[in-house]
Amino acid sequence: MGIKDLVVYVAAEDERRRSPATDYAISLAAKMQAHVTGVAPSYVPALSAGLEVQLPADFVAEQQARADATALESLRRFEEEARRADVFCQHEALRGGPADFADAFARRARTADCAVLPQDPRNGSRLIASLIEAVLFDSGRPALVVPYIYRGEAKLDKIMIAWDGGRQAARAVHDAMPLLQRSKSIKVVTVVTSRPQAENAVPGADLATHLARHGLNVEIETLDAREIGIAAAMLSYVADSGIDLVVMGAYAHSRLRHLVLGGATSGMLESMTVPAFMSH
């Protein structure tokens with residue numbers, strides 16, 4: 001099964017800068033001959049803060065109407081861009097505050113192959129942070145997170161798999177197989193934080209064999225992160241090796257969504273320079 005159905009977050013017209021996630025999703029849909037659905041939030045900060053009971057009804061209605069119009073204008077531009085790229089598309093506007101929108105988006109993503117999302121800006125965005133967590137841990141589908149500094153179309157030539165042999169990493173590899181099959185080179189990268197117990201063991205060898213049986217071009221790399229940490233080691237390798245996409249599992253420290261993002265996951269999301277395909 002390929003990737004034939006994408007859902008992407010569409011930034012509101014009045015946000016500070018346009019999210020590169022929409023351009024990435026459209027170009028990825030074009031490469032995969034996939035359908036893409038754009039979903040935009042329509043909410044009023046005062047309403048999402050629970051202040052509507054203190055505000056006049058006509059003011060509330062006016063503000064919500066403006067929010068709806070802003071969302072629909074953003075979606076109209078998204079559809080124009082998709083059609084210029086000969087990509088089939090549709091759109092939805094969802095009302096509600098950041099948490100409600102994130103939950104609704106995650107439910108929508110359950111019936112897509114992958115959700116394309118923007119990275120949380122450096123100044124922090126409660127909406128984007130909630131959205132990434134909701135998709136990763138509530139949708140049952142992978143999230144493809146695009147850095148806010150990213151420009152240009154989706155590239156799949158050189159893909160790095162962050163491999164530790166765990167369940168989440170295995171899930172990510174399986175979910176990303178349609179993308180891996182379009183790559184020219186795959187790097188299976190294992191990061192070590194202590195001295196290997198077996199000197200003759202080759203980390204990632206089993207996965208490399210599995211991928212080779214699918215006809216993929218695979219190389220194995222081992223990174224020493226004993227001094228700089230896992231996320232820093234991976235980010236340095238990405239920069240030095242010209243990686244186009246990182247495939248990795250999303251890790252959790254607890255079952256509570258708001259306390260879940262593990263160190264390597266949050267480190268990648270904070271400092272990523274290329275898109276990351278994540279599954280949990």
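**Exercise 1.** Is Asp-86 buried or exposed?

*Solution.* Before we start, a word on the model: it's predicted, so local features need pLDDT of at least 70 and side-chain atom pairs count only at pLDDT 80 or more, while totals for chains, interfaces and linings use all residues. Residues are numbered from 1 along each chain as its sequence is written, and side-chain values use heavy atoms, with hydrogens and water left out.

Step 1: look up the cut-offs. Buried means under 20% relative accessible area, exposed over 50%, and partly exposed in between (1.4 Å probe, protein chains only).
Step 2: apply them. Asp-86 has a relative accessible area of 70%, so Asp-86 is exposed.
Step 3: Asp-86 sits in the loop between helix H3 (57–84) and strand S3 (89–95). Helices (H or I, at least four residues) and strands (E, at least two) are DSSP runs, numbered from the N terminus.
Step 4: check the backbone. Asp-86 isn't glycine, yet its phi is positive, near 60°.

**Exercise 2.** Now work out where Gln-33 lies.

*Solution.* 
Step 1: find the loop. Gln-33 lies between helix H1 (21–32) and strand S2 (35–42).
Step 2: check accessibility. Gln-33 is exposed, because its relative accessible area is 66%.
Step 3: check phi. Gln-33 also has a positive value without being glycine, near 55°.

**Exercise 3.** Which residues is Ser-183 in contact with, leaving aside its neighbours within four places in sequence?

*Solution.* 
Step 1: Look in the loop between helix H7 (177–180) and strand S7 (185–192).
Step 2: check accessibility. Ser-183 counts as buried, because its relative accessibility is 16%.
Step 3: list the partners. They're Leu-156, Asp-157 and Ile-159, where contact means heavy atoms within 4.5 Å.
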